[in-house]
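The following briefing concerns the structure shown below.

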Amino acid sequence: MRSGSKAMRSISAGPVLVAVIVCAVVVTTLVRIEDQKLLVVELAAIVIATLLAMKFGIADKVETSARHHPWIGRASIIVATLAVLSVLREDTFGLLMLATVLLYVTTCIGVTIQMGYAGLTNFSAAAFVGTGAYTAALLDARHLLPDPLILLSGGLVAVAIGSLLLLPVLRTRGHYAALITLAFGVMFNVFLDASDSLGGPQGLKVGGINLLGWDFSNDLHLFGYEFSFYVNYVLLASVVASLAMVLAAILDKSWIGIWLDAVRLDETTSAVFGLNIGRWKILAFTIGNFLAGISGAIYAKMAGFIAPNNFTLSDSLIIVSIVILGGIGNRWGVPPAALIVILLPEKLQFIQEYRLLLYAALVIGILVARPGGFLERRTRRFDLATT
Amino acid sequence: MSTLAQHLLNGLMQGTIYGIVAMGFTIFFGVMNVIKFSHGDVLALGAFGSLSAVLSLQPLGLPPALQLLAAFAAAILLSGAIGALIARTLIMPLREAPPLNMLLMTMMVGTVLREGIRLFYPGGTNPQRYPELLPHGGFSVANVFVRYDGLILVFAGIASIALVHWVITRTRLGLAIRAVAEDSEVAQTMGIDFAKIIPVTFALGSLTAGFAGVLFGLYYSEINYGMGLLLAIIGFSAAIVGGLGNIWGAILGGYLFAGLQTLVVAAIPSLSDYKNVVAFVVVIMLMTWRPTGLLGEGESARV
Amino acid sequence: MTGILLECRGLTMRFGGVLALDGLDFTVNAGEVLGLIGPNGSGKTTFFNVVSGIYRLNAGTIHLEDSDITHSSPGSISAQGLARTFQRSRLNLSLTVFDNVVLGAYRQVHSGLWHNIVRRRAFHDEARRVASEARDLLAVFNVALADRLFDTADSLGMIDRRRVEICRALIGHPKLVLLDEPSAGMTIDETDAVMDEILGIRKAFGDLSVVIVEHEMGLIQRVTDRCAVLNYGKKIAEGPYREVSQDPVVRTAYLGHT
């Protein structure tokens, strides 16, 4: 049998290790390099390398290698992350950017579950991130809860607000959900801007994180080296993003993943076989909003300050762009897409003004030429050892 | 009393503009099952195009009537052309794609247009003053002051809606459009050239939007690069609440939305900032209650 | 098994001005294979859609065993043991054969969050069990097909897709399955093969009752115990195929001359 014979050939752990190392080096250099020309050269190199990799099926090799050595893959990612953090230990801005990218990854995984798995259109993801952020700000100001619970509350309040939209979102036609989420996003901003008790357009200040005694505002001193306090946030964001990725992975390879796909692809037939369409749409919507809310809460405490114009429709569109560019429904496309979309404009000063224009054009290009995104979603195949 | 009249006039003007935008949405949906989200930004493009035309003609010192003509001509040509272009190059090729892709694509096209205006029009980030080309002053009726320009604009807007309605219902072109909306395959077997009708339909809807853009500028004396986005969201909801594919529904939806806004502003001035929120909430409730719209969807809507 | 499985009385269904079902009475006995034939537009697919709950009747009643399913939702009707296939293929082509077939087993598996996210071992045991059942079902048709359990549905030819749809209908252990033109678009040989397979299914699931809508009369003749003929939403004849095919009323309906 096919799967048996594959296991008999020994699959090397090489490809996955090399891939992790390359990614670590790329991330580190992209963050460190300031010289614009050098950056453009590096980006060109990355583009060429990616095209070559696509041509020679390297992604498949890496994936197979990762599948046969899952623990080596996971360990190498952890080691690589720590290594990158060590190299960047004093680059406060770089660390802040990395943490932001990781928080975007968390939100975008949530949106992937909503859009890529269940087929729900959500143009208000930034509003849910904002909900989490403002929840954290308000709870923090009143010192009502310890920080871990504040972060959790960010997610829960986002879920609660999202449940207001549920009834309209559950309507069959996609463009209802699109309009509802659009209108909601706009209204959210109007509400925040107009509401003085929430700080109005000037925004709110937020305290830092203190997780059960681990004060995030202190620099770390390890092995004789000094680590900027932002390392704490990057670590937290990494853990949260990883958990989000794992959740997406488990959901995908479960009955729930199949039901979400069935709802997305053919509601009528699914209903005939007894699927409760509403239940699965609600689940996907809720999980996505929860992730968005948590990342918003972390963001608020990390940035120390939030304002309504952090969470506008443009930000929601950026989130949707990331999900599409990476490959709708493919969680592995999210981190590189987030890195490109968030990091590059910060680094390439000359495109910063044009970034929204460029993303929009890029997404149009993808939708016309390669609708599946750069990393097309993998077919779900269960690893069931047959008896 | 005069503030009430002012509110009413505002409401009428808003409603007319929303109605025009909603009409475009509903026609595009009817004919291709497409939500063309860039519609509002096409309107903005028309408005800015007209502004450029007027400003570049200013050294010539033409009479206001000619300037108006130039403004409308520029807006109509620009919006109509862009609308047709988008239909031809992006919407038609993607018509077999999942509806989500189409919606996303048109949203991104709108973003490109919007950012384009912001980045490439001189000083685009800031609101631009729009010249006052209509007669000033007005007249009093029963203690109420009515502006000439307001009146002219409302009539012009209503006239444009009536014109589009006439084209759709009484001309051969309109017949072809309705045939394609009802059943594009049958229409093609009857000899209607799909590849020609679609861009023409989009041009028709878009040039009306350009027209509305000029009305907007003349009424508020100001335009800004982001004006299309909110107009699109409102126009879209007006079209849905009236019934997608149903032209009367779109017009009704537009005036309904404006009416709700006016109600909030007139009756509860302290909540003026929230007028859109209130209007959206009511519209969303209406949509949840009657998903096929208040006047029912046009025959083209397929389940 | 004896007894009446499906009892329909006075089914009336109107679409705008068109009367698709006109006071139709219809009975399916437990354990039989019943053919449903009639000219195009006679109401056969409408009948299926009404029985499976997709369309709402204007008048009439439907009973599945003792249960009144006239106003039930498609989901609850399938829960009570009625399954169907569709005239136009309705598979999720980007998903695997397994993902498609499993949809038919929705009621049999555990879909709770805890089971799916935390209790992974239990989930894998269940998945293994369902996969094995799916393989067995597919193997009744074609052993080669059973090996393609994790191929994507779009890599299958049309006949194999039909087979997958039938397996999807059967994996939920229904009492009654409605097959809507299972041989549409197939050659004679392919039709023969499908018919052998359907007979094989009957053998494997002894107590299954089947209603087949077909245009291919050879198939009806070979496979069915009796058949019913519809025309203009009414039943115009009923009985074993050889009787019905001789009936002058039926011939007029099909051939159009008096």
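In this predicted model, the contact between chains A and C draws on 22 residues from chain A and 27 residues from chain C. A further contact joins chain B to chain A, with 33 residues from chain B and 31 residues from chain A. Of the two pairs of chains in contact, chains A and B share the most contacts.

**Contacts between chains**

- On the side of chain A that touches chain C, α11 (255-265) and α12 (267-272) of chain A each contribute at least two residues.
- Helix α11(A) provides the largest share of that side of chain A, namely seven residues.
- By class, the side of chain A facing chain C comprises 13 nonpolar, five polar and four charged residues.
- On the side of chain B that touches chain A, at least two residues come from each of α4 (99-120), α9 (227-242) and α11 (275-289) of chain B.
- The largest share of this side of chain B is that of α4(B), with 14 residues.
- The side of chain B that touches chain A is made up of 25 nonpolar, six polar and two charged residues.
- Chains B and C do not touch, and their nearest C-alpha atoms are 13 Å apart.

**Domains of chain A**

- Chain A is divided into domain 1, residues 1-87, and domain 2, residues 91-369.
- The C-alpha centres of these two domains of chain A are 25 Å apart.
- Eight residues from domain 1 of chain A and 13 residues from domain 2 of chain A take part in the contact between them.
- On the domain 1 side of this contact, α2 (14-32), α3 (36-55) and α5 (70-87) of chain A each supply at least two residues.
- Helix α2(A) gives the largest share of the domain 1 side, with four residues.
- The side of domain 1 of chain A that touches domain 2 of chain A has five nonpolar, two polar and one charged residues.

**Helices α10 and α13 of chain A**

- The axes of α10 (residues 230-252) and α13 (residues 277-303) of chain A come within 11 Å and cross at roughly 175°.
- Because of this crossing angle, α10(A) is roughly antiparallel to α13(A).
- From α10(A), the contact is made by Tyr233(A), Leu236(A), Ala237(A), Val240(A) and Ala244(A).
- From α13(A), the residues making the contact are Leu291(A), Ile294(A), Ser295(A), Ile298(A) and Met302(A).
- The contact of α10(A) with α13(A) contains nine nonpolar residues, one polar residue and no charged residues.
- Helix α13(A) has 27 residues and reaches 39 Å from its first C-alpha to its last, close to the 39 Å expected at 1.5 Å a residue.
- Since 22 of the 27 residues of α13(A) are buried, this helix is largely enclosed by the rest of the structure.
- Gly304(A) follows α13(A) and has a positive phi, near 80°.

**Domains of chain C**

- Chain C is divided into domain 1, formed by residues 1-81 + 176-258, and domain 2, formed by residues 91-173.
- The centres of the two domains of chain C, taken over C-alpha atoms, are separated by 27 Å.
- In the contact between them, 14 residues of domain 1 of chain C meet ten residues of domain 2 of chain C.
- The elements giving two or more residues to the domain 1 side are α2 (74-79), β7 and α8 of chain C.
- Helix α8(C) gives the most to this side, with six residues.
- The side of domain 1 of chain C that touches domain 2 of chain C divides into nine nonpolar, three polar and two charged residues.

**Helix α7 of chain C**

- Helix α7 (residues 158-170) of chain C has 13 residues and reaches 19 Å from its first C-alpha to its last, close to the 18 Å expected at 1.5 Å a residue.
- Ten of the 13 residues of α7(C) are buried, so this helix is largely enclosed by the rest of the structure.
- Among the buried residues of α7(C) are Arg162(C), Arg163(C), Glu165(C) and Arg168(C), together with Ile159(C), Val164(C) and Ile166(C).
- The buried residues of α7(C) pack against β6 (82-84), α3 (97-102), α5 (120-141), α6 (143-146), β7 (176-180) and α8 (188-204) of chain C.

Conventions. Residues are numbered from 1 along each chain as its sequence is written. Chains are lettered from A and ligands numbered from 1 in the order in which they are written. This is a predicted model: local features need pLDDT of at least 70, side-chain atom pairs count only at pLDDT 80 or more; totals for chains, interfaces and linings use all residues. Domain bounds come from an automatic or database domain assignment. Two residues are in contact if their C-beta atoms, placed from the backbone, lie within 7 Å. Ala, Val, Leu, Ile, Met, Phe, Trp, Tyr, Cys and Pro count as nonpolar, Asp, Glu, Lys and Arg as charged, and the others, Gly among them, as polar. The expected span of a helix is 1.5 Å times one less than its number of residues. A residue is buried if 20 or more other C-beta atoms lie within 10 Å of its own, exposed if 12 or fewer, and partly exposed in between; C-beta atoms are placed from the backbone. Axes are lines fitted to C-alpha atoms, for helices over the stretch in contact, and angles run from 0 to 180 degrees between N-to-C directions. Angles under 35 degrees count as roughly parallel, over 145 as roughly antiparallel, 65 to 115 as roughly perpendicular and the rest as oblique.
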